Amino acid sequence: MATINLNINGKRQAVDVDPKTPLLWVLRDHLNLVGTKFGCGIAQCGACTVLMDGNAVRSCSLPVSSVANKAITTIEGISENGDHPVQTAWLEHDVPQCGYCQAGQIMSAVALLKKTPNPTDEQIETAMNGNICRCGTYLRIKAAIKTAAKS
Ligand code: FES
Ligand code: FES
């Protein structure tokens, strides 16, 4: 066990955990931030995507010790009331089906639009490539990203 200092959604807090614990489980089990989902556990599906210093990363495969003092943003941290432009575009396009992958999809989209405010189709496909949706919402995700880019 070790004390790890974290910066999650702008709030500094310390957790006492095994330093090898994946960030995902610290978020879910220690900090009750359960919007970030577990899918594969091996960095292959994107369900657990969060932002680290603005970049989309897979929290299932990041030891918590490696993110100490980095700025981590989870789905809970992108807006107070679910009104981030990406979230409103998601609603407008009625993107989710089962919803399981969608927090990860939204976080990847947020990271993309921060770096590339007006992405081409190809840039969207490249950025979203690692986020799997078993319900096949890919076309609506792409349309929603384009709407969010305009707003
Ligand atoms: S649960 Fe992390 S990438 Fe699948
Ligand atoms: S909405 Fe069901 S897995 Fe993506």
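View 1. In β5, Ala71 is the bridge partner of Asn7, where strands are DSSP runs of E with at least two residues and helices are runs of H or I with at least four residues, both numbered from the N terminus. This is a predicted model, in which local features need pLDDT of at least 70 and side-chain atom pairs count only at pLDDT 80 or more, while totals for chains, interfaces and linings use all residues. Residues are numbered from 1 along each chain as its sequence is written, and chains are lettered from A and ligands numbered from 1 in the order in which they are written. Strand β1 and strand β5 (residues 71-73) run parallel and are joined by two bridges; two strands are said to pair if DSSP finds at least two bridges between them. Strand β1 (residues 2-8) also runs antiparallel to strand β2 (residues 11-17), to which seven bridges join it, and Thr3 stands opposite Asp16 in β2. The two strands β1 and β2 form a hairpin with two residues between them, and Asn9 in the turn has a positive phi of about 50°.

View 2. Strands β3 and β4 run antiparallel and are joined by four bridges, with Met52 standing opposite Asn55 in β4. Their hairpin has two residues between the strands, and Asp53 takes a positive phi near 50° there. On β5, β3 pairs in the antiparallel sense over two bridges, and the bridge partner of Leu51 in β5 is Thr73.

**View 3. The surroundings of Cys60.** Cys60 is found in the loop between β4 and β5. This residue counts as buried because it has 23 C-beta neighbours inside 10 Å, given that a residue is buried if 20 or more other C-beta atoms lie within 10 Å of its own, exposed if 12 or fewer, and partly exposed in between, with C-beta atoms placed from the backbone. When neighbours within four places in sequence are left aside, Cys60 is in contact with Pro22, Leu24, Phe38, Gly41, Ala43 and Cys48; contact is taken to mean that the C-beta atoms of two residues, placed from the backbone, lie within 7 Å. Although Cys60 and Gly41 are 19 residues apart along the chain, their C-alpha atoms are separated by 5.3 Å.

**View 4. Where domain 1 meets domain 2.** The protein chain is divided into domain 1 (2-77) and domain 2 (85-150), with bounds that come from an automatic or database domain assignment. In this region, 14 residues of domain 1 are in contact with 13 residues of domain 2. On the side of domain 1 that touches domain 2, β3 (49-52) and β4 (55-58) each supply at least two residues, and β3 gives the most, with three residues.

View 5. Helix α5 (residues 138-150) has 13 residues and reaches 19 Å from its first C-alpha to its last, close to the 18 Å expected at 1.5 Å a residue, a span that is defined as 1.5 Å times one less than the number of residues. The buried residues of α5 are Ile141, Ala144, Ile145 and Ala148. Seen down the axis of α5, these buried residues fall within an arc of 105°, so they line one face of the helix; the arc is that of the directions from the helix axis to the C-beta atoms. They pack against α2 (85-92), α3 (102-115) and α4 (121-128), whereas Leu139 and Lys150, on the other side of α5, are exposed.
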